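Student: I have a structure open and would like to learn how to read its features one at a time. Could you walk me through some of them?

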Amino acid sequence: MRIVLDARTATDHFPGIGRYVVNLSQALTEIAPDLGLALLHDPSAAATRLTLPDLPRIACSISPFSIQQQWIVPGILRRARAKLYHSPYYLMPYLPGVPSLVTCYDLIPLVYPEYYTATQRLMYRLAHILALRAARVILAISQATQSDLVRAFHVDPQRIHVTPLAADATFAPRSAAQIAAARSKYALPEQYALYLGINKPHKNLPRLVEAWRLSNIKLVIAGQWDERYPEARQLAEELGLDQIVFAGPVEEADLPALYSGATLFVFPSLYEGFGLPVLEAMACGTPVVCSNTSSLPEVAGDAALQVNPLGVDTLAEAIGRALINDELRRNLREKGLAQAAKFSWEQTAQKTQSAYETLEGLER
């Protein structure tokens, strides 16, 4: 069988989905070299930090955002004699002409509609309805996302395969020298706590800032910064919290050392489709405090200190307890390394291959 995985999202514009496509395609190649996997890709796309594996490629210069993909991609798939089409994004050809799968990550605009306009919510819902109708089999990256799909779109849960993600192999404890080099590069003290992620409202950063008022250790808030949501930075300035550092984006290659050097990783997000930073921190041997919402309990298991992210006091108490209790942090570190080892891209690929076989069986 010839399976076409749509890799047009393997660009810097889709950092999360792009990494999913790269890691999944590489793992599928390793566990099933005779699968007949090919990648639909855009040869005209700008250079990216993501590197796709050496697989047959089918050229398609039409963006997933273009209405033209609705008639151009089905023709490409037909000429390529595709047997299955896997879209990693809900903006896909909705009449692809071949049996199809779609991967779903989260439903943030529907779970937190107050952060989006009515038009954005309508378009998001409509696109998902079309994608879920086009795909006979659906991949969800967590049981929480599966539940959201069933609740929001009344999808038959039997159509959904849960295929959890994994931390990249590069996320592992780093040496003292590597940690020192990263600290020097970003001008960080010997002791610091770390948050990594964007600053969108569901990430709950204002509550994290407020919870940090009584802490003396530096909190480094790193990751892509969206200027539409300045609340966390403004609150830190209003409260005079100079112990909070807004580091902005950091280089991918530096992340394992930054995780490894942190005394504590904090992730107070209100909602996550998976919560990969929690797993990355654990894989680097960093103790974790995270929310007890959405998919995070699935990812963290009993290896993190989980708290209600809506309570500033409870968040502050958990962080304070972890920072002052060396034994607790050692326990979280050991459990975290074991928890992270339960997830692998090989396992993700195996579950995905099983979904391909299910779809093939449905079409017989």
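Student: Let me start with Ser294: how exposed is Ser294?

Tutor: Keep in mind that this is a predicted model. Ser294 has a relative accessible area of 29%, and because that falls between the 20% and 50% cut-offs, Ser294 counts as partly exposed. Its place is in the loop between strand 12 (288-291) and helix 11.

Student: Since you mention helix 8, which of its residues are buried?

Tutor: Start with the general idea. An α-helix has 3.6 residues a turn, so residues three or four places apart point the same way. In helix 8 (residues 231-238), the buried residues include Ala232, Leu235 and Ala236. Seen down the helix axis, the buried residues of helix 8 fall within an arc of 100°, so they line one face.

Student: What covers that face, and what does the opposite one carry?

Tutor: The cover over the buried residues of helix 8 includes helix 7 (205-211) and strand 10. The face turned away from the buried side carries the exposed residues Glu237 and Glu238.

Student: Now salt bridges. How many are there in the whole structure?

Tutor: The general idea is to look for a side-chain nitrogen of Lys or Arg within 4 Å of a carboxyl oxygen of Asp or Glu. A search of the whole structure finds 14 salt bridges. One of them joins Arg19 and Glu252, with the closest N and O atoms 3.4 Å apart. Arg19 lies in helix 1 (residues 15-31) and Glu252 in the loop between strand 10 (244-248) and helix 9 (255-261), so this pair ties together parts that are 233 residues apart in sequence.

Student: Are the two partners buried or exposed?

Tutor: Arg19 counts as buried, at 18% relative accessibility, whereas Glu252 is partly exposed at 35%.

Student: Which partner does Glu251 have?

Tutor: Glu251 forms a salt bridge with Lys185, and their closest N and O atoms are 3.2 Å apart. This pair also links distant parts of the chain: Glu251 sits in the loop between strand 10 and helix 9, and Lys185 in helix 6 (residues 176-185), 66 residues apart. Glu251 is partly exposed, with a relative accessible area of 45%, and Lys185 counts as partly exposed at 45% too.

Student: And where do the partners of the Asp302 and Lys335 pair lie?

Tutor: Asp302 and Lys335 form a salt bridge whose closest N and O atoms are 3.8 Å apart. Asp302 is in the loop between helix 11 (296-300) and strand 13 (305-307), while Lys335 is in helix 13 (residues 326-340), so the pair ties together parts 33 residues apart in sequence. Asp302 counts as exposed at 55% relative accessibility, and Lys335 is partly exposed at 32%. As for networks, salt bridges that share partners join Arg19, Asp168, Glu252 and Glu280 into one.

Student: Which residues form a nonpolar patch on the surface?

Tutor: Met123, Leu126 and Leu130 do, with about 260 Å² of accessible area together. Leu126 is found in helix 4 and counts as partly exposed at 42% relative accessibility.

Conventions. Residues are numbered from 1 along each chain as its sequence is written. This is a predicted model: local features need pLDDT of at least 70, side-chain atom pairs count only at pLDDT 80 or more; totals for chains, interfaces and linings use all residues. Side-chain values use heavy atoms; hydrogens and water are left out. Helices (H or I, at least four residues) and strands (E, at least two) are DSSP runs, numbered from the N terminus. Buried means under 20% relative accessible area, exposed over 50%, partly exposed in between (1.4 Å probe, protein chains only). The arc is that of the directions from the helix axis to the C-beta atoms. Contact means heavy atoms within 4.5 Å. Patches are made of residues with over 30% relative accessible area and no salt bridge: like charges are joined within 9 Å, nonpolar side chains (Val, Leu, Ile, Met, Phe, Trp, Tyr) within 5 Å. Accessible areas come from the Shrake-Rupley method with a 1.4 Å probe; for residues, only the protein chains shown count as cover.
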